[in-house]
Amino acid sequence: MCGVFGIHGHDEAAKIAYLGLHALQHRGQESAGVVAGDRTLRRHVGMGLVADVFDEKTLGRLPGAAAIGHTRYSTAGSSEVRNAQPFLFEYSGGSVAIAHNGNLVNAEDLRNRLEASGSIFQTSSDTEVIVHLMAKVPEFDPVNRLIAALRQVQGAYSLVLLADDKLIGVRDPHGFRPLVIGRLKDGYVLSSETSAFDLIEAEYIRDVEPGELVVADNAGLRSFKLATSEAAPSRFCIFEHVYFARPDSLVNGKSVYRARERMGTRLAEEQPAIADVVIPVPDSGVPSAIGYAKRAGIPFEMGLIRSHYVGRTFIEPQDSIRHFGVRLKLSPVRSVVDGKRVVVVDDSLVRGTTSRKIVKMLRAAGAREVHLRISAPPTTNPCFYGIDTPNRSELVAASHTLDEIARYVTCDSLGYLSHEGMMSTMGAIGEDGEVGVGYCSACFTGVYPVQLGKGGDGELVRLRRNKV
Ligand code: 5GP
Ligand code: SF4
Ligand code: MG
């Protein structure tokens, strides 16, 4: 859960990066940073939101025609400024700056090996491994170094780097996380999502392909293919479309808003309800609730109002605080729900604690019946590829039946979108009937496209990650 941005060939590269990061703020609120320069690179990072980390003065200290930026989300233990990206390192080849969205599954292994041979790590992030691997490659060109380094890493990565007056962008061979290419005047821009391009008025060109590495420098834009990408099927993260990306973005070539709306339409077909009104859980549930209401022929209304002055409630690590978080963030509109049979549409149900609060809130505001509809399948497995879903033990659907979950959240009925339904809305059903062609949906199915690190047990990898 991070946002990355890169720009090459603009007089005020750092300022553009700063603006771009604003449009990627939803991808991470723990820390933000920019590295900018030409041959000499300078860095400013800090904890908190983009608007709080930068001001006129700090941006003024980041001259140069190229820049990369990062917004970071992290688990509780590793939320410290030394892990704020982009990282900037000096090695025998010069300076290299790197920003990463994703999660490497063999980082622990690689790190142990590197430390055993003398590497000294400055952060507890998996991203630093890539730079240490680059430093060991007996080549001068940073692109060759990076390609050689990436041969050894497994997992999810969308990276942007600055090295040797070059902006480099690369996606892992499965393409778990998004990365798009745009044009801004004579220069090139890279971003996790097109939302950043709209803000800075850049033109969207295309997505970086899975397993593709692009280089923007004074010679223009060049493209390379990672050798490891040959046999790797595309596995774009379906959860980007379900929840994570911004609805005004295109990711993996598709409108996030339309994808969510179609999921809502399909949900209405699969899980109808007799009701007077359809309301979304804002903001993430809005497009799918619109799709549901249209298809069901039930009026759509805003029965919950979201305060925009509180961050996402997942930011707070402890359940005890989360409970308050929901009430801080959402309040019911009595005049919409009083005396009504209400369908509440949300994009996903993870722990169930938010949904339980919402159902209680709606009943207290007079709702006669509350039918909860989720525009994704049950979240049954943790993610190891860069989305911070909780451990398996905290995922309510991992150990409870539909009836048990409905009883826990105290709704009158509960219905999820099927996996097949979700994938058919994305056009991801193969000719041979394979469901989910081109996508990762491991958090819904438990089928992990890239095997997890040493030990094989997902929980182990995750605990290690939380601890550092
Ligand atoms: P729950 O009812 O499981 O406690 O919370 C469900 C809500 O959490 C949904 O509204 C969904 O949009 C949101 N959600 C799902 N996954 C994530 C995540 O990874 N991060 C954050 N911040 N919210 C999430
Ligand atoms: Fe996305 Fe889920 Fe796969 Fe993680 S496990 S990459 S959240 S689809
Ligand atoms: Mg939500």
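Predicted model: local features only at pLDDT ≥ 70, side-chain atom pairs only at ≥ 80, totals over all residues.

Visitor: How many residues surround ligand 1, and which are the closest?
Guide: The shell has 17 residues, and the closest are Asp346, Asp347, Val350, Arg351 and Ser355.

Visitor: How do those residues divide into nonpolar, polar and charged?
Guide: Six are nonpolar, six polar and five charged.

Visitor: OK, polar atoms next. What lies 2.8 Å from an oxygen atom of ligand 1?
Guide: That's a backbone N or O atom of Gly352. Val350 also has a polar backbone atom, 2.5 Å from an oxygen atom of the ligand. With Thr353 the side chain takes part: one of its polar atoms is 3.1 Å from a ligand oxygen.

Visitor: And how much of ligand 1's accessible area does the protein cover?
Guide: On its own the ligand has 520 Å² of accessible area, and the protein covers 95% of that.

Visitor: Which elements give two or more residues to the shell?
Guide: Helix H8 (238–244) and helix H13 (353–364).

Visitor: Switching topic: which residues have the most contacts inside the largest nonpolar core?
Guide: Ile238, Val242, Val278, Tyr292, Tyr385 and Met422, in a core of 46 residues. Elements giving two or more residues to this core include H8, helix H9 (256–270), helix H10 (286–296) and strand E20 (341–346).

Methods: Residues numbered from 1 in each chain as written. Chains lettered and ligands numbered in written order. Heavy atoms only, no water. Near = heavy atom within 4 Å. Polar contact = N/O pair within 3.5 Å; in protein donor to acceptor, adjacent residues only side chain to side chain. Areas by Shrake-Rupley, 256 points an atom, 1.4 Å probe, with all protein chains shown as cover. Helix = DSSP H or I, 4+ residues; strand = E, 2+ residues; numbered from the N terminus. Nonpolar A, V, L, I, M, F, W, Y, C, P; charged D, E, K, R; others polar. Core = buried A, V, L, I, M, F, W, Y, C linked by side-chain atoms within 4.5 Å. Buried < 20%, exposed > 50% of the residue type's maximum accessible area, 1.4 Å probe, protein only.
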